[in-house]
Amino acid sequence: MSLVSRPLPALALSAVALCAFTSVANAQLEHSRVVENPPLLNIIRQAQPRAVAKGMPLPATETALDLNVTYTDGKIWNPAEHRYDAVKLRSYQGKGVNPDAPYVSPTISIFPGETIRMTLNNQLPPDPSCSTKIENVNTPHCFNGTNLHTHGLWVNPAGNGDNVLISINPGVSFQYEYKVPSDHPAGTFWYHTHRHGSTALQVASGMAGALIIRGTRFPSQNANGDIDTLLTPTSTQPFTERLLVMQQIQYACRDAQGKIKTNPDGSYKCDPRDVGGVEGYDQFGPGSWPASGRYTSINGQVLPVFKGAKTGQIERWRVIHGGVRDTINLKFRKLKEGSRSSARLTAAQHDAYVQENCTGPALPQYLIAADGLTTKAVIKTDVTVYQPAYRWDALMVFPQSGVYCVVDDAASASASVEQTAPSRQLLGFVRVDQDRPVPDDVTRYLTSELVTAARLNMPGQIRGKVESDLRDGLKLSKFVPHADIENGEVTGTQEMTFNIDVNQNPAQFQVNGKPYDPGRIDRVLKLGGVDEWTLKSDFVSHPFHIHINPFQIVKILDPNGKDVSTADAVDSMDTTDGIPDPQYRALKGVWKDTLWVKNLVPPGNPPGQYTLVVRTRYQRYIGDFVLHCHILDHEDQGMMQNVRIALPDGRGNASQGHH
């Protein structure tokens, strides 16, 4: 069997109704939807790679696929009403789309060295705002224009590459060509629409999907390899993969005057004959997501059940935050026996339900990759913080049979996009069957199992190194895709500050004091250069994202100058129930493409500004791309900059073409 044709591990064995359970705790899951991995796109490979020897790269191939951008009629489960709401949303359609979950886009799965030819066919209705000049480009507009961004990929940003500076208007088709280099890191990435002026509206409709690069490169004495080669199934560990695309589809129903219909508590209301949609930026803004009463969906399902888990099995959870503007604090707790049903809970009732019924100890999560890039060592945590666009790969071990709650946990206000302390929300359940016994020390068990996998999967010349690293604090040093950026490499500096000027009407969303201007190049950087960036926010907090080249975190300083990115750091400037914010701990030295830039308080109050220092190399690709806040309605309203990577001119400056 060729490596390409081998099927991915299934998340759930089938999509049949759940069996009748013997306990009250299990019985409440009978009406829940079983969640499966998003479907793979029907990829046509022009040349099937042959099976390769250990450590040999796959030969280059091409994949071709079409996606139609259309309005799609569907339904989304509304737990509070215990029924489906009818919706009509912009979405990607075509071969490979699951008709039962049409608002989660299919998964693209490739190998390094492959080329993706993706054709977008914009079949949305005509939109005059896409073709006429508007007075303010940072006023949301062109809701039916689109384009595509491969988030986190290190590819060409220009022309037919990862170009987000074009508009594919209604009636237009365009083929993107992503030539993924053979030395591209394997990992968990994603793709989503990125047309300035409509990005939030379209992503909030579900126009996003997973993009997985699978690795076959074994580490050697002279080069690092892909973590996938360690996690290859063995006779005792299948290393089952679960792929989770978390989305926040904030659909609303409107009255005859176009106003959003609401319940007495302010949550969104859809009557039985209504059809919900995402049609205006009045559906976004501070506090809008929790106030809406909508639910985070996972792979297109609301409050789903994960099946197929077994005690003692190590599972790889690839989790993508594909939402627009809300923080998710992922935690797992055992559901107590005899718990009351979770059916018909409103979103506002989740906090009380979770505190009453999800009472088991927090299950440890063992993080192995941040934004698709393997970490130097496993990061053990009880809660994983997902800001918009974050991805984390975690190894999970369920020690007991039964049902586990998947929870969006409470957190401090400063740790959340909404700047208010979020309540606990139930995201779903995991049903775990009895298999292998797990000792009380789960970390020791995981270490032993990974050492065994290394003994079975690693080449002889590197096996001992990988095993000794794993025994020494679960280090993954032979799987890190990028070398550290040392002090002596740095050739320049950059500063970036987010701000919202609320004294203007409407408020201005700014980077370095200016709103986005599509005709202005804000930064010209030299190919081959290495910059140290200082990131800050003057007004509340924002997730920073830059396209094409990832960055390495050097330090994160709280307002008192304390580095809160070390392995044992405690960020206690702001807490919930006395619990410090965990999201920066152990990030020193980690590579990412999106990072939360924190500010405790608005301007005019005591200083609450954090200082984040990161470094990045500008390698291989020249061209124009963007950096921006990944609260996507902030980006649409101007919190973005144009960046150009240019050739050096040989005299210490950037080349200006023929000048």
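The disulfides of the protein chain pair up as 1-2, 3-4, 5-6, with bonded cysteines counted along the chain. A disulfide here is a pair of cysteine sulfur atoms within 2.5 Å. A search of the whole structure finds three. This is a predicted model, where local features need pLDDT of at least 70, side-chain atom pairs count only at pLDDT 80 or more, and totals for chains, interfaces and linings use all residues. Residues are numbered from 1 along each chain as its sequence is written, and side-chain values use heavy atoms, with hydrogens and water left out.

Start with Cys130 and Cys142, joined at an S to S distance of 1.9 Å. The torsion about their S-S bond is about 105 degrees, so this disulfide is right-handed. Both cysteines lie in the loop between strand E5 (115-122) and strand E6 (149-151), so the bond ties together parts 12 residues apart in sequence. Strands (E, at least two residues) and helices (H or I, at least four) are DSSP runs, numbered from the N terminus. Cys130 is buried at 10% relative accessibility. Cys142 is buried at 0%. Buried means under 20% relative accessible area, exposed means over 50%, and partly exposed lies in between (1.4 Å probe, protein chains only).

Next comes the disulfide from Cys253 to Cys270, with S to S at 2.0 Å. Its torsion is about 95 degrees, so it is right-handed. Both residues sit in the loop between strand E10 (241-247) and helix H4 (288-292), so the pair ties together parts 17 residues apart. Cys253 is buried at 1%, and Cys270 is buried at 6%.

Cys358 and Cys405 form another disulfide, their sulfur atoms 2.1 Å apart. Here the torsion is about -80 degrees, so the bond is left-handed. This pair links distant parts of the chain, 47 residues apart. Cys358 is in the loop between helix H5 (350-357) and strand E16 (365-370), while Cys405 is in strand E20 (residues 402-408). Both cysteines are buried.

Now turn to charge. Side chains of opposite charge can pair when their charged atoms come close. The structure holds 40 salt bridges, each a side-chain nitrogen of Lys or Arg within 4 Å of a carboxyl oxygen of Asp or Glu. In one of them, Asp393 meets Arg318 (3.7 Å, N to O). Asp393 lies in strand E19 (residues 391-397) and Arg318 in strand E14 (residues 314-321), so the pair ties together parts 75 residues apart in sequence. Both are buried. They also belong to a network of salt bridges that links Arg214, Asp228, Glu241, Arg316, Arg318 and Asp393.

Strand E19 also holds Arg391. Its side chain meets Asp593 in a salt bridge (2.8 Å, N to O). Asp593 is in the loop between strand E30 (591-592) and strand E31 (594-597), so this pair ties together parts 202 residues apart. Arg391 is buried at 0%, and Asp593 is buried at 4%.

Arg615 forms a salt bridge with Glu532, the closest N and O atoms being 2.8 Å apart. Arg615 is in strand E32 (residues 611-617) and Glu532 in strand E25 (residues 530-537), 83 residues apart. Arg615 is buried at 9%, whereas Glu532 is partly exposed at 22%.

Finally, the whole chain. The protein chain has eight helices and 34 strands. Buried residues make up 60% of its 659 residues. Among contacts (heavy atoms within 4.5 Å) with a separation of 6 or more, 75% involve residues 24 or more positions apart.
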